[in-house]
Amino acid sequence: MRDTCFGIYLPSPLPRMSPDISTKSITSTSCSPETVESLFLAYRLTGDQLYRDHGWNIFQAIEKHCRIESGGYATIINVDEVPVRHEDKMETFLLSETLKYLYLLFDDSDVMPLDKYVFNTEVSVFGEAFN
């Protein structure tokens with residue numbers, strides 16, 4: 001499963017960018033959080049550096065292809081096209097989930113350990129701090 005999630009990033013002409021859904025008809029990406037969430041959880045459970053390596057590659061791709069010079073990030077209309085064309089919008093989950101999971105992936109594992117904290121689907125934290 002790890003290889004499949006990260007593997008859809010590889011065939012794109014834009015290094016390390018993938019469509020949000022891997023089908024023949026959907027080629028845009030808004031940098032949805034599911035893959036980096038999986039990388040975060042897999043790293044925390046196994047300690048395998050490969051998950052951080054994949055996360056770093058995804059972060060670099062977001063910075064290179066989605067970041068807008070005037071500020072913020074934007075959806076890529078078609079990951080199969082070079083040069084990149086952006087849609088005039090930034091999804092809120094990019095900041096609230098995708099980048100948060102990337103941050104946590106590279107933070108120390110003793111910060112918000114998974115045996116004491118639970119993250120909901122929006123990366124809000126429940127755990128010891130709320131008892």
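A salt bridge is a side-chain nitrogen of Lys or Arg within 4 Å of a carboxyl oxygen of Asp or Glu. The model shown in these views is predicted, so local features need pLDDT of at least 70 and side-chain atom pairs count only at pLDDT 80 or more, while totals for chains, interfaces and linings use all residues. Residues are numbered from 1 along each chain as its sequence is written, and side-chain values use heavy atoms, with hydrogens and water left out.

**View 1. The side chains of K89 and E87 meet in a salt bridge.** The N-to-O distance is 3.8 Å. Look for E91 as well: E87, K89 and E91 are linked in a network of salt bridges. K89 has a relative accessible area of 37% and is therefore partly exposed. E87 is also partly exposed, at 34%. Here, buried means under 20% relative accessible area, exposed means over 50%, and partly exposed lies in between (1.4 Å probe, protein chains only). By the salt-bridge rule, the count comes to 4.

**View 2. R67 forms a salt bridge with E63.** The closest N and O atoms are 3.0 Å apart. R67 is partly exposed, at 46% relative accessibility. E63 is partly exposed too, at 24%.

**View 3. R85 forms a salt bridge with E81.** Their closest N and O atoms lie 2.8 Å apart. R85 has a relative accessible area of 41%, so R85 counts as partly exposed. E81 has 29% relative accessibility and is partly exposed.

**View 4. The peptide bond from V82 to P83 is cis.** Its omega is near 5°. P83 sits in the loop between helix 3 (49-65) and helix 4 (92-106). Helices (H or I, at least four residues) and strands (E, at least two) are DSSP runs, numbered from the N terminus. Most peptide bonds are trans.

**View 5. M112 has a positive phi, near 55°, and is not a glycine.** Most residues other than glycine have a negative phi. M112 is found in the loop between helix 4 and strand 1 (117-119). With a relative accessible area of 30%, M112 is partly exposed.

**View 6. W56, F59 and F106 form one aromatic cluster.** A search of the whole structure finds 3 aromatic pairs. W56 and F106 make an edge-to-face pair, 6.1 Å centre to centre, with 85° between the planes. This pair links distant parts of the chain: W56 is in helix 3, F106 is in helix 4, and they are 50 residues apart. Rings of Phe, Tyr and Trp (its six-membered ring) pair if their centres lie within 6.5 Å; planes under 30 degrees apart count as stacked, over 60 as edge-to-face and the rest as tilted. W56 is partly exposed, at 43% relative accessible area. F106 is partly exposed as well, at 34%.

**View 7. Helix 2 (residues 34-46) packs with helix 4 at an angle of about 20°.** The axes are 9 Å apart. That makes helix 2 roughly parallel to helix 4. The contact uses V36, E37, L39, F40, Y43 and R44 of helix 2. From helix 4 come T98, Y101, L102, L104 and L105. Contact means heavy atoms within 4.5 Å. Axes are lines fitted to C-alpha atoms, for helices over the stretch in contact, and angles run from 0 to 180 degrees between N-to-C directions. Angles under 35 degrees count as roughly parallel, over 145 as roughly antiparallel, 65 to 115 as roughly perpendicular and the rest as oblique.
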